[in-house]
Amino acid sequence: MKYPLTKRSTAARRIALSSISLAVLALAQQAAAQQATQQATQQATPAVQRVEVTGSSIKRMAAEEALPVTTIKAEELEKQGMTTLADVMMALPQSASLAPSQAGSGTNINLRGLGVNRTLVLLNGRRLANEAIADGYANLDTIPISALARVEVLRDGASSIYGSDAIGGVVNFITKREIEGGSATVQAVQPSRHGGGDEQRVTLTFGKGNLQNDGWNVYGTVDFHQRSRLLMSDRAGFVPDTATLTSIGLAPSAASGGYASPANFTSSANKTAANPYYSAGCLAPYSIQGAKNTCVLNNDTYGTALYPNKQLTMYGKATRKFGEHTVSLEYTRGDESIYSYKNPTQVTAVGSAQAILPASSKWYPGKSGGVPAVAGITNQPLTVSWAVPDGGAVTRDNQVNQRLLLSAEGTVGSWDYKTGMSYGLSQRKVYFDSGYYSGIGLINGLSSGVLNPFGLQDQAGQDYLQSIAADGMQNRSAKTAYYGIDATVSKALMALGGGDLAMAIGADLHRDTNEDTKLAQAADITYAKIVPGHGDSARNIAGLFAELDAPVTKTLTLNGAVRVDKYSDVGSTVTPKISFRWQPTKTVMFRGSANTGFRAPTLFDLNGYRTTTANTTTSARWDDPVLCPSRTPTIPGTGTAVAGANAADVCNAKLNKMTGSNPNLEPEKSKGGTLGVVFEPSRALTLSFDYWQVNMKNMLANLPESVYFTNYEQYKSLFVRGANNSLAYIDNTTMNLGGQIAGGVDVSGNWALPRTGFGNFNIGIDGTYLTRFDNQLVKDGAWMSNVGQFGWASNGTTSSYPIITYRWKHNLRLSWQSGDWGAQLTNNFNSKYKDANVAVAPQYFRDISSYSVWNLTGTWKAQKQVSITAGITNLFDKAPPITNNTVYSYAYLSSAANPTGRAYNLRVTYNFD
């Protein structure tokens with residue numbers, strides 16, 4: 001493997017030099033805290049305590065670790081004003097995670113931008129049951145943040161200890177070992193602007209017993225968090241409004257002929273859409289004037305910037321010491337509901353039944369219902385493109401994730417051991433909350449004359465809608481279970497020049513099961529495009545691993561590990577890993593590693609539901625390349641419907657798409673490694689630079705919509721059509737693409753400034769500079785760079801958003817502490833980005849500016865039992881970056897920035913005696 005550190009571009013050198021300068025001038029809060037902790041420990045206990053650091057099964061001093069690990073302590077979360085683990089992951093420079101939950105899958109983490117399925121999430125060093133539908137990653141919202149002691153991020157991927165599937169890295173959430181006494185915390189986040197987006201949190205914690213003195217401890221914590229819905233209209237002007245959309249080439253009024261209220265219509269004699277209320281300005285606030293005498297939905301009314309959610313997490317732990325042995329029982333439960341808002345229900349065809357308004361209806365133009373007459377319309381049946389305007393369509397997605405773990409660790413003779421048995425269960429149920437209606441019921445209501453497609457309903461229409469509503473109907477049920485048992489033993493074998501040669505041997509056996517059902521009753525709600533389906537499967541995985549740690553000399557330590565995994569469904573794999581740590585002087589240390597990885601398709605990828613018809617629609621609006629051809633096919637809305645095709649269905653429309661499993665998938669493989677240097681010129685200053693690279697092949701992914709629409713000739717086989725060229729669906733199931741190569745430099749620095757009469761000041765920075773991020777869409781095909789531009793593969797099975805790959809991303813911290821008072825100023829920065837530039841005319845091609853957000857928090861220990869944290873998030877009220885990527889429905893990077901704007905944060909904790 002090559003590490004081309006000497007061939008940086010001029011831009012790369014400038015970034016690196018500026019990073020070094022900044023770090024040298026301003027870094028080290030974390031190192032100083034660790035040194036202080038180590039000094040205090042040494043004073044209290046003469047022996048140096050060995051600990052197990054994420055990435056190794058051999059206990060050693062944390063400072064001896066050769067692999068790059070980022071540690072975020074629980075108090076750091078408070079200092080930065082974070083309320084959720086989504087905030088933590090968004091601030092992590094190595095993470096390309098999505099911003100606050102905008103999907104029912106909740107919050108996930110995507111290290112290195114390699115995909116959420118390639119980041120392994122652990123709780124106390126062991127796996128959780130994955131999110132139930134995709135079965136490829138954990139939902140972080142169900143992890144109890146109030147119980148955490150720290151988060152350790154192993155930035156070196158493909159762990160031989162935890163699993164070869166950790167290609168992007170490992171995130172280990174570690175809970176407190178014990179708690180004595182109790183505490184209650186209340187927290188509120190209030191945006192400075194009116195409207196929603198406010199948050200509330202309440203936490204109760206209680207523990208009893210002391211492990212050192214009593215030999216036992218029991219504690220538990222309950223944490224409730226909720227966030228209200230933030231409407232696009234609540235942030236009009238802060239997030240893109242009509243004027244902004246027009247200025248970047250996405251004018252809402254440029255659309256035509258779509259589903260709206262009042263409805264657009266066509267007749268058998270005239271397929272050009274029209275609207276009886278166009279000249280009157282359509283129907284505010286539900287619609288606005290579009291192009292070609294039609295109305296279009298008003299995004300300002302239906303747009304949601306942040307979905308509302310509720311989270312209730314609980315964690316309990318009982319620990320008992322028996323001499324050299326410690327036994328623990330843990331129970332974790334997370335319950336989250338996310339309310340997703342879509343545009344209003346559209347009246348779509350059901351088989352041969354069309355959305356027809358007959359001349360007998362009083363709502364026919366020019367009849368007794370008061371709908372204006374339209375020239376040329378004389379009792380012909382009208383095909384209507386109608387969106388029911390009452391409030392939009394809302395689903396409720398509920399996830400419950402539980403884990404029960406019995407574990408033991410201790411010493412037998414000269415051996416250290418740890419073992420555990422765990423059972424995890426993740427359940428996900430999806431409901432139509434409101435605004436969904438029977439598809440055939442809507443068609444019948446139009447044909448009978450009771451429903452008015454051109455305005456709000458009278459009492460009879462309201463009663464009829466209520467009778468066909470699907471409020472509260474469950475449409476999907478999924479369940480994933482995890483059964484695991486593991487055991488590891490380690491010991492020192494012999495003395496070497498730098499210490500003891502140590503060995504660890506371990507084994508784990510686990511069983512994964514997945515079951516997913518799209519319920520038959522939901523097929524009646526045709527707008528939701530839910531096709532009944534069922535998939536269930538299971539696999540057993542047996543793993544053996546061995547690790548050898550050899551301090552060859554006092555300055556050089558070598559480490560090697562190998563893992564053998566046997567999958568019951570995809571075969572066996574052997575994945576080795578080696579690393580070294582060389583410290584020629586007290587002030588300089590070199591480290592590096594190399595590894596191989598293996599990731600099998602998830603159970604859902606292979607054996608999930610399968611359908612033969614469309615089961616969803618595209619995220620963005622597109623022109624059908626055959627039925628609505630255009631000279632500029634990359635710009636939706638520029639095509640013209642062919643004879644006999646309805647423009648509302650084929651032009652600037654959300655087209656039918658099929659997702660689901662693919663039984664022909666092959667495992668993906670990777671090679672990766674790191675090479676770094678750590679400088680510690682003084683006890684107060686630490687700098688580190690780690691180059692990393694990951695090479696993958698047979699990459700499991702989905703293609704973003706822009707790829708197959710802008711390269712239709714290459715991907716037209718994915719467009720499945722009927723005999724009359726009608727689009728049945730676009731095949732967007734998971735597939736094996738070619739490969740992916742990602743590499744960059746992690747920069748970290750901490751500096752504890754000399755103590756002053758005003759208190760102690762510390763400065764820290766963590767950043768990542770991306771040197772390459774190349775995708776190969778087909779095996780042996782061309783490589784395309786995605787550095788600083790939207791990726792050519794999607795973020796995973798839960799999102800159609802393309803991968804985000806910033807050239808430079810950092811988290812910068814300046815903190816101050818004096819007695820009972822403290823403060824911290826934090827900066828999160830993303831470098832500029834090339835916009836998608838595929839759905840707009842060339843004159844609108846643009847770059848997305850860099851994005852920099854400052855947060856300020858202050859802490860005060862008001863008295864022995866009361867501590868207060870207050871802060872301002874997004875101190876300078878920075879608006880989220882604007883994009884012309886049409887996957888982002890409302891033209892801002894919702895996957896990279898929070899649209900809330902400036903918000904005030906107050907947290908009060910009371911500690912009981």
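Modeller: Before any residue comes up, a word on terms: buried means under 20% relative accessible area, exposed means over 50%, and partly exposed lies in between, with a 1.4 Å probe and protein chains only. This is a predicted model, in which local features need pLDDT of at least 70, side-chain atom pairs count only at pLDDT 80 or more, and totals for chains, interfaces and linings use all residues. Residues are numbered from 1 along each chain as its sequence is written, and side-chain values use heavy atoms, with hydrogens and water left out.

Colleague: OK, is glutamine 94 buried or exposed?
Modeller: Glutamine 94 counts as buried, because its relative accessibility is 5%. Glutamine 94 sits in the loop between helix H4 (85–91) and strand S2 (119–123), where helices (H or I, at least four residues) and strands (E, at least two) are DSSP runs numbered from the N terminus.

Colleague: And what is glutamine 94 in contact with?
Modeller: Setting aside neighbours within four places in sequence, the contacts of glutamine 94 (heavy atoms within 4.5 Å) include Thr70, Arg112, Arg155 and Asp746.

Colleague: Switching topic, which strands pair with S29?
Modeller: Two strands pair if DSSP finds at least two bridges between them. Strand S28 (residues 668–682) runs antiparallel to S29 and is joined to it by 12 bridges, while S29 and strand S34 (residues 739–752) pair in the antiparallel sense over 13 bridges.

Colleague: How many residues of S29 are buried?
Modeller: In strand S29 (residues 685–697), 11 of the 13 residues are buried, so to speak mostly covered.

Colleague: What about the sheet with S2 in it, what is the strand order?
Modeller: Five strands form an open sheet of mixed pairing, in the order S1-S4-S5-S2-S3. Strand S1 (69–73) and strand S3 (126–127) are at the edges with a single partner strand each, so one side of each has no neighbour in the sheet. S2 and S3 run antiparallel and are joined by two bridges, and leucine 123 has arginine 126 in S3 as its bridge partner.

Colleague: Last one, what residues are closest to the centre of the second largest cavity?
Modeller: A cavity is a set of points, on a 1 Å grid over the protein atoms alone, where a 1.4 Å probe fits but cannot get out, and lining residues have an atom within 4 Å of a point. Arg127, Asn130, Gly136, Asp165 and Asp512 are the closest to the centre, out of 32 residues that line the second largest cavity.

Key. 1 Å grid on protein atoms, 1.4 Å probe; cavity = no way out; pocket = protein on both sides within 12 Å on 5 of 7 lines; lining within 4 Å.
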